[in-house]
Amino acid sequence: MSQTPSVSQFLTQVALFKGLSQSECTELEKYLEERLCKDQELIFNEGEISDGIYVICEGYAEVLRQIKDRMVFINLLGVGEAFGEAALFDHLKRTATLRAKGATRLLLLKREAFFEFLKKHPASGNSILLEMLRRVFTRLNDTSRELRDQRRENLTQDSIDKLFA
């Protein structure tokens, strides 16, 4: 019979926190809130003001975007994946809707709690921030590559702009 890992043990396996030691993850755990979601429960809506970053402990989250008059499936996130990182930097509007797929257990690190953690544990906080920057630049590079490939397929600039509208 396998034992469920503690939250701090789980955090050491999350890519966003890969630079943290077990003891640093134990400290970070004190700043997290747990949220349990039922199947199809909205985690947040596109356009809402962000309050923090989420990490999936159990279950899945569907990423959806409102395009014209319908919700479009974008991605499925699973255990260990983090989303909503921009919330740590500013009270920005959410760029997508996230909805639980099946029973889902989340950890929430609110913006204010993250800054408190950062003040008390600057090296650990900087490690998290550097990993976020790496992720942002990877996504930017991927998006640039996709745009370049689409242009090669002779799409007009208007067609590309509509993808991001």
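Q: In which helix does Ser-124 lie?

A: Ser-124 lies in helix α4 of this predicted model.

Q: Which side chain makes a polar contact with the side chain of Ser-124?

A: The partner is Glu-24, and the polar contact between the two side chains is 2.8 Å.

Q: Leaving aside its neighbours within four places in sequence, which residues is Ser-124 in contact with?

A: With those neighbours set aside, the contacts of Ser-124 are Leu-20, Glu-24 and Phe-117. Phe-117 belongs to helix α3, where it is one of the buried residues.

Q: Which residues of helix α3 are buried?

A: Helix α3 covers residues 111-120, and its buried residues are Arg-111, Ala-113, Phe-114, Phe-117 and Leu-118. They span an arc of only 160 degrees around the axis, which means that they sit on the same side of α3. Lys-119 and Lys-120, on the other side of α3, are exposed.

Q: What tends to happen to nonpolar side chains in soluble globular proteins?

A: In such proteins, nonpolar side chains tend to be buried together. In this structure, the largest nonpolar core has 24 residues, of which Leu-11, Leu-16, Phe-17, Leu-28, Leu-107, Leu-109 and Ile-128 touch the most other members.

Q: Which elements give two or more residues to this core?

A: They are α1 (7-11), α2 (22-29), β3 (52-67), β6 (97-110), α3 and α4 (122-152). Helix α3 contributes the most, with four residues. Apart from this core lies another, of 14 residues, including Tyr-54, Ile-56, Ala-61 and Leu-98.

Q: Leaving aside its neighbours within four places in sequence, what is Phe-17 in contact with?

A: Phe-17 is in contact with Leu-11, Leu-28, Val-55 and Ile-128 when those neighbours are left out. Leu-11, Leu-28 and Ile-128 are also among the core residues that touch the most other members.

Q: How many helices and strands are there in the protein?

A: The protein has five helices and six strands. Read from the N terminus, the order of elements is α-α-β-β-β-β-β-β-α-α-α.

Q: What share of the contacts with a separation of 6 or more comes from residues 24 or more positions apart?

A: Such pairs account for 68% of those contacts.

Q: What percentage of the residues is buried?

A: Of the 165 residues in the protein, 38% are buried. The accessible surface is about 10200 Å², and carbon and sulfur atoms hold 53% of that surface.

Definitions and conventions
Residues numbered from 1 in each chain as written. Predicted model: local features only at pLDDT ≥ 70, side-chain atom pairs only at ≥ 80, totals over all residues. Heavy atoms only, no water. Buried < 20%, exposed > 50% of the residue type's maximum accessible area, 1.4 Å probe, protein only. Arc of directions from axis to C-beta. Core = buried A, V, L, I, M, F, W, Y, C linked by side-chain atoms within 4.5 Å. Contact = heavy atoms within 4.5 Å. Polar contact = N/O pair within 3.5 Å; in protein donor to acceptor, adjacent residues only side chain to side chain. Areas by Shrake-Rupley, 256 points an atom, 1.4 Å probe, with all protein chains shown as cover.
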